[in-house]
Amino acid sequence: MLEPLFQYIDDHQNQFVQRLKEWVAIKSDSGDHTKWGEVETMLNMAAERIKKMGGKVELADAGTHQLPSGETVLLPPVILAEFAKDPKKATLCIYGHVDVQPAKMEDGWATDPFNLTEIKGNLYGRGATDNKGPVLAWLHAVESYQATKKEIPVNIKLIIEGLEEVGSYGLFKLIKKRRDSFFADVDFIVISDNVWATTTPALTYGTRGSSYFFVEIEGPKLDLHSGVYGGSIQEPMADLIALLGSLLDHTGKIQVVGVSDDVTPLTEDERKLYDNISFDLEEMKNVVGPANSDLLLHFRNNIHKTIIPRKVTGKFSIRQVPNMDPPDVERKVKEHLEQVFSTLNSPNRLKVTATVGAKPWVANLQDSQYVAGQKAVKDVFGVEPEFIREGSTIPIAQTFQEETGKSVMMLPISGHDDGEHSQNEKISRYNYIEGTKLFAAYFYELSLLH
């Protein structure tokens, strides 16, 4: 059953790489709303690819968004697509995104980030692994069935957005709005927007939540000459350093009282899963270099000035695990910072704000999706997958689970060293092509379990 599909994918891999090159060339950076036209261009390109394959596509209205300036702007649409439906089959909905992080040569790229370049089997380019490559791999998996004239064993739907990198504006409301229409007949939702932990294929069954904090200290009415006023006033930067320094001890343990009280204890069953993960700590150290704190201090100005700034802002985030609750974490962090600030007897003013507030997500490994995913990995790679929890935050998984009540799984094809969000982002040709086979096998294995 699967061999003709795999052969087609192998025979057409150069064509698949060329398509990825065309997609990477679209500078769909969602971080700047004035460039959302490029995001829409990319969405339209993806929609046209689906239509050429016989899919039905709706460019759904995602509404509007208010910018910090107060300006209201139209959001790029969201692709809602589906292929021919058979009521006797299970329906799988695939999520992906086609927007990317910013990228410039001067950031330290070795090649043009928007010109997909193959070097020693790696395909370098912004979006190659996050997330244009995986989205195309899903479409190529569908194509492999069509081209070999084999019936696709499950019904396929797709939801593809263009604002994932900035928080998926409008998407959560759209999911809620379409819960009883587009999602009504969906049985399973799958996401491939994360990476393996090692060189071994993985199935991801959990992600961390996150709360992101801004700590603002405001002091003098205006910036002051450091030579004239230094030593005679309480500098905002000194307060900020004291506050951020109070968050961790020298071992990196968080010092906010009660912040970890609700963490779910590690079970023996889960501990056993870790025994099969071939994680190499020394390799990680070699890849990332010296470890840095999550606390970022800065004065918002790139110009070198010998001044005492009137206002400084520090940023930090706290990643969360089950059963930590973002509002509870945010309350405790604010109370901690306010208590520490009160001991400084500073005349300056403190303001703490929190954003994101995404919950952690955990799936059931006994779910049929994970059974199918495990079998598909064995079909393609000949090994058992590692079961991992992802360190990053992917709020859409929790949203899908809560709003639709459907089974959600993460099935990554990206390598642990692909550098998503970083300079020289890449996906290996091997992962891209074998990942396409994995998706094709997953369709088949899922159909056998429904």
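1. Helix 13 (residues 429–449) lies across strand 6, strand 7 and strand 20, and runs at about 65° to strand 20. Contact here means heavy atoms within 4.5 Å, while axes are lines fitted to C-alpha atoms, for helices over the stretch in contact, with angles from 0 to 180 degrees between N-to-C directions. Helices (H or I, at least four residues) and strands (E, at least two) are DSSP runs numbered from the N terminus.

2. This is a predicted model, in which local features need pLDDT of at least 70, side-chain atom pairs count only at pLDDT 80 or more, and totals for chains, interfaces and linings use all residues. Residues are numbered from 1 along each chain as its sequence is written, and side-chain values use heavy atoms, with hydrogens and water left out.

3. The three strands form an open antiparallel sheet in the order 6-7-20, where two strands pair if DSSP finds at least two bridges between them. Strand 6 (117–119) and strand 20 (426–428) are the edge strands, each pairing on one side only, and the twist averages 25° from one strand to the next.

4. Strand 6 is joined to strand 7 (residues 122–124) by three bridges, and I119 stands opposite N122 in strand 7.

5. Elsewhere, helix 7 (residues 236–245) packs against helix 10 (residues 326–343) at an angle of about 130°, with the axes 10 Å apart. That angle makes helix 7 oblique to helix 10, since angles under 35 degrees count as roughly parallel, over 145 as roughly antiparallel, 65 to 115 as roughly perpendicular and the rest as oblique. D239, A242 and L243 of helix 7 make the contact with L337, V340 and F341 of helix 10.
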